[in-house]
Amino acid sequence: MSRDTKLIVVVRNPVTRAISDYTQTLSKKPDIPTFEGLSFRNRSLGLVDTSWNAIRIGMYVLHLESWLQYFPLSQIHFVSGERLITDPAGEMGKVQDFLGLKRVITDQHFYFNKTKGFPCLKKTESSGLPRCLGKSKGRTHVQIDPEVIEQLRDFYRPYNIRFYETVGQDFRWE
């Protein structure tokens, strides 16, 4: 890969991301252990199981440190998954700026899909159909015990802080 390559990375709250990952897997394999069972080696001691991929992926700063061995931070743009839902045109504007492109994607290109619960692209002149993420996206997440969520927030907090400091952007995942 060329060292001049620009990378675009979409990140979201790592706890929400892990729950989403679990929900996706559960839809395909309904007999998997509980989210809590997969998340912790020992919940009463607060020992999170970082061998579970759904947990490990959200430790963004560790992955970023690896990428920074090959690419300068100036060539990596981080898209907020939360803002991509609440302000898709704003996030896409930042992507276009990062890539040095004229801003052509605006609010007029999106509509909110109530069924999926997020914005989708309106149909274009070249296509009669609107574009939206596939059937596997937009499903309701499984309900997770609020105490489990709080333990995972506590676990991710130092990783998130290091990530915010490294990228110079606070994603406010609290």
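**Note on the predicted model**

1. The largest nonpolar core comprises 18 residues, and Phe35, Trp52, Ile55 and Leu152 are those with the most contacts inside it. A nonpolar core here is a set of buried Ala, Val, Leu, Ile, Met, Phe, Trp, Tyr and Cys residues joined through side-chain atoms within 4.5 Å. Two or more residues each are given to this core by helix 1 (14-28), helix 2 (35-39), helix 3 (53-56) and helix 7 (146-167). Helix 7 gives the most, with five residues. Helices (H or I, at least four residues) and strands (E, at least two) are DSSP runs, numbered from the N terminus.

2. On the basis of the note: this is a predicted model, in which local features need pLDDT of at least 70 and side-chain atom pairs count only at pLDDT 80 or more, while totals for chains, interfaces and linings use all residues. Residues are numbered from 1 along each chain as its sequence is written, and side-chain values use heavy atoms, with hydrogens and water left out.

3. Not counting residues up to four places away in sequence, Leu152 touches Val15, Phe35, Ser39, Phe40, Val48 and Ile55; contact means heavy atoms within 4.5 Å. Another core, of 13 residues, lies apart from the largest one and includes Leu7, Phe71, Ile76 and Phe163.

4. Arg17 is located in helix 1. Is Arg17 buried or exposed? With a relative accessibility of 13%, Arg17 counts as buried, the classes being buried under 20% relative accessible area, exposed over 50% and partly exposed in between (1.4 Å probe, protein chains only). Leaving aside neighbours within four places in sequence, Arg17 is in contact with Arg12, Asn53, Ala54, Ile57, Gly58 and Tyr60.

5. Helix 6 (residues 88-99) has 12 residues, which at 1.5 Å a residue should span 16 Å; the end C-alpha atoms are 16 Å apart, in agreement. The expected span is 1.5 Å times one less than the number of residues. Buried positions in helix 6 are Pro88, Ala89, Gly90, Glu91, Gly93, Val95, Gln96 and Phe98. Their cover includes strand 1 (7-11), strand 4 (76-80), helix 5 (81-86), strand 5 (110-113) and strand 6 (118-121). Just after helix 6, Gly100 adopts a positive phi of about 75°.

6. A nonpolar patch on the surface is formed by Ile8, Leu99 and Leu101, with about 240 Å² of accessible area together. Patches are made of residues with over 30% relative accessible area and no salt bridge, like charges being joined within 9 Å and nonpolar side chains (Val, Leu, Ile, Met, Phe, Trp, Tyr) within 5 Å. Accessible areas come from the Shrake-Rupley method with a 1.4 Å probe, and for residues only the protein chains shown count as cover. Ile8 belongs to strand 1 and, at 39% relative accessibility, counts as partly exposed.

7. How many salt bridges does the structure hold? There are 11, a salt bridge being a side-chain nitrogen of Lys or Arg within 4 Å of a carboxyl oxygen of Asp or Glu. Arg162 and Glu65 pair in this way at 2.7 Å, N to O. Arg162 lies in helix 7 and Glu65 in helix 4 (residues 60-67), so this pair ties together parts that are 97 residues apart in sequence. Both count as partly exposed, Arg162 at 34% relative accessibility and Glu65 at 36%.

8. Two further pairs may be listed. Asp97 forms a salt bridge with Arg103, with the closest N and O atoms 2.6 Å apart; Asp97 is partly exposed at 42%, as is Arg103 at 44%. Salt bridges that share partners join Glu36, Arg43, Asp145 and Glu147 into one network. Within it, the side chains of Arg43 and Glu36 meet at 3.3 Å, N to O.

9. Arg172, in the segment after helix 7, has a positive phi of about 55° although it is not a glycine, and its relative accessible area of 67% makes it exposed. Gln108 sits in the loop between helix 6 and strand 5 and is exposed at 56%. Gln108 and Ala89 are 19 residues apart in sequence, and their C-alpha atoms are 8.4 Å apart in space.
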